[in-house]
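Me: I have a model open and want to learn how to read it. Where do we begin?

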Amino acid sequence: MDEKIPTRGKALELLHRYNESESLRKHAYAVEGVMRYMARKRGEDEEKWGIVGLVHDLDYEKFPDQHCSKTGEILGEQGWPEEYIRGAVSHGWGICSDVMPQTPLEKALYAIDELTGLVATTALIRPSKSVLDVQVKSVKNKWKDKRFAAGVDRSIIEKGAQMLGVELDELIDDTIKGMQEVAEAIGLKGNSG
Ligand SMILES: [Fe+2]
Ligand SMILES: [Fe+2]
């Protein structure tokens, strides 16, 4: 099958086709925002990083038991390049996939996927309910409180930061800034405006 470069429009169409849940869509936009921010900062291909972020959990709503592998299948049927498929599938390394993150794109996605959840929960407990005034230290304060955002596995984020070769603080800062850029789309602009 001929491989074409996927567009954001195509990625969005797939996301909407496979995910009706508003919270899953928002998670996809959050991850896209952070991936774009990190790609830009590193001089990498922002469009590619963002698109992989958008579709990384494509199968989660309809095929939770086949998470990761089903996404690989769907993107394969769509004729997406292997690089994009690997990027999406490797985010579940050790959980739902045995594809280990190797490229900077893959390592970044692996590192920030769960972290976006922690940043979102941190925003929601603020009076403003806004990601616009979340700071690194507010996220760090909740790091060891295992009951806070209990579903977020901190050890995966730490492993991801290590693989990427960045300090945890920098990774948290990038994640906050990337999410701030899409605050409106992810429903975390708060009640100020
Ligand atoms: Fe996932
Ligand atoms: Fe995810």
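Reply: Begin with pockets. On a 1 Å grid over the protein atoms alone, a pocket is an open set of points where a 1.4 Å probe fits, with protein on both sides within 12 Å along at least five of seven lines; lining residues have an atom within 4 Å of a point. Grid points are joined across faces, edges and corners, and the volume is the space filled by probe spheres set on them. Here the largest pocket holds about 630 Å³. This is a predicted model: local features need pLDDT of at least 70, side-chain atom pairs 80 or more, while totals for chains, interfaces and linings use all residues. Residues are numbered from 1 along each chain as its sequence is written, and side-chain values use heavy atoms, without hydrogens or water.

Me: Which residues lie nearest the centre of the largest pocket?

Reply: His27, Asp57, Asp113, Thr116 and Gly117, out of 26 lining residues. H6 gives the largest share of the lining, seven residues.

Me: How do I read a metal site?

Reply: Look for donors: N, O and S atoms within 2.8 Å of the metal (3.2 Å for Na, K and Ca); water is not among the atoms, so sites may look incomplete. Asp57 (OD), His67 (NE2) and His91 (NE2) coordinate the iron ion (ligand 1) at 2.2 Å. Their spacing in sequence is D-x9-H-x23-H.

Me: Which residue coordinates both the iron ion (ligand 1) and the iron ion (ligand 2)?

Reply: Asp57, and the two ions are 3.9 Å apart.

Me: Are Asp57 and His91 buried or exposed?

Reply: Buried means under 20% relative accessible area, exposed over 50%, partly exposed in between (1.4 Å probe, protein chains only). Both Asp57 and His91 are buried.

Notes. Chains lettered and ligands numbered in written order. Helix = DSSP H or I, 4+ residues; strand = E, 2+ residues; numbered from the N terminus.
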